[in-house]
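Hi,

Here is the model I promised to pass on.

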Amino acid sequence: MADKENYNTSRVTRLAKKRAMASQQWPSKKRLVLGDISNVGSKFKRKVKRAVTIKTVEEDKEWNVDDPHMCNAYVSDIYHYLRKMEIEEKRRPLPDYLEKFQKDVSANMRGILVDWLVEVAEEYKLLSDTLYLTVSYLDRFLSMNAITRQKLQLLGVSSMLIAAKYEEISPPHAEDFCYITDNTYTKEEVMKMEADVLKSLKFEMGNPTVKTFLRRITGVAQEDNKTPNLQLEFLGYYLSELSILDYSCVKFLPSLVAASVIFLSRFTLQPNEHPWSLSLQQYSGYKASDLKECVLILHDLQLSRRGGSLVAARDKYKQHKFKCVSMLISYVEIPASFFRD
């Protein structure tokens, strides 16, 4: 009898602790209204800050041929399947959807929104996969539905809510996304937009993103290293997040962006060596010449020649835990010879 009472007491205590932790899940939320998104620009203040906890490469390495959990026997088939999936029309946004469908939304507005979503993902400690899926849903929805600028932030948080439900173990609630916009939108509006997005995308939620392909190509780029190069890995993450800010990158396949990211990362760290190798060409499926246009756009983003007012990713990767990779100085010009096959 005493054992049963002790068990019940212990169980009640555990439940109480879980409730207490749940009530404090988002202790430092800071709210922000984008308002008239076209005028935010330079006035946009960094409202969302936090100390993000990340896994080291050793804890989260997805390219390790000696690890049976990495499916080494099937990895070629897996990535072949992902390459086929990424080109499916239903999973791709239109490369010119702003010109074709949107009368009240511009590339600059989209950039400001995505820049803010980078911070929201940081605030709620969301996986980078969630952020990339959010932007994918955003672009795909805008490829089919014209909306007003007043609804753009609503679309952003609703897309992130869907992506979080798809990727996260404990996703934020709709109320959390209302709060982060300073309650500009009601829970009902968020849920309505969530339903609209799901219906428009026909519940096709699981498409590969830049991060999907970056995992493998980063591993191939480090095949000659005895120890993981954290600087190369974090620089790849940084350049990938810059790519989702720029509307010009929408036209590129995720696998091509991932390959371009590694090309530019290797050039930044070792500018006197050719950044592309036969192994990288074999595993990525792209020659250096295939990457030229995307690499040059990413290079302009890295040097702030494009999107200089969008600083969320730049500030994020200034931190020491990311090896301060956004502060690395790249050469102003990439030799044309590096793009010759």
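Below is what I found, going from the overall picture to a few details.

First, the ground rules. This is a predicted model, so to speak of local features I need pLDDT of at least 70, and side-chain atom pairs count only at pLDDT 80 or more, while totals for chains, interfaces and linings use all residues. Residues are numbered from 1 along each chain as its sequence is written, and side-chain values use heavy atoms, with hydrogens and water left out.

**Overall**

The protein has 14 helices and zero strands, where helices (H or I, at least four residues) and strands (E, at least two) are DSSP runs numbered from the N terminus. Of its 341 residues, 48% are buried, meaning under 20% relative accessible area; exposed is over 50%, and partly exposed lies in between (1.4 Å probe, protein chains only). Among contacts (heavy atoms within 4.5 Å) between residues at least 6 apart in sequence, 80% join residues at least 24 apart.

The largest nonpolar core has 93 residues, and Leu155 and Phe263 touch the most other members. Such a core is a set of buried Ala, Val, Leu, Ile, Met, Phe, Trp, Tyr and Cys residues joined through side-chain atoms within 4.5 Å. Leaving aside residues up to four places away in sequence, Phe263 touches Trp276, Ile334 and Phe338, among others. Phe263 has a relative accessible area of 0%, and its helix H11 has 15 of 16 residues buried.

**Aromatic pairs**

There are eleven. Rings of Phe, Tyr and Trp (its six-membered ring) pair if their centres lie within 6.5 Å; planes under 30 degrees apart are stacked, over 60 edge-to-face, the rest tilted. Phe234 and Phe322 sit 5.5 Å apart, centre to centre, with planes at 85 degrees, so this pair is edge-to-face. Phe234 is in helix H10 and Phe322 in the segment after helix H14, 88 residues apart. Both are buried. Phe263 and Trp276 make a tilted pair, at 6.1 Å and 40 degrees. Ring pairs also link Phe234, Tyr237, Tyr238, Tyr317 and Phe322 into a cluster.

**H8**

Which residues of H8 are buried? They are Val190, Met193, Glu194, Val197, Leu198 and Ser200. Seen down the axis of H8, they fall within an arc of 165 degrees (taken from the directions from the helix axis to the C-beta atoms), so they line one face of the helix. Their cover includes helices H5, H6 and H7. On the other side of H8, Glu188 and Lys199 are exposed.

Cheers
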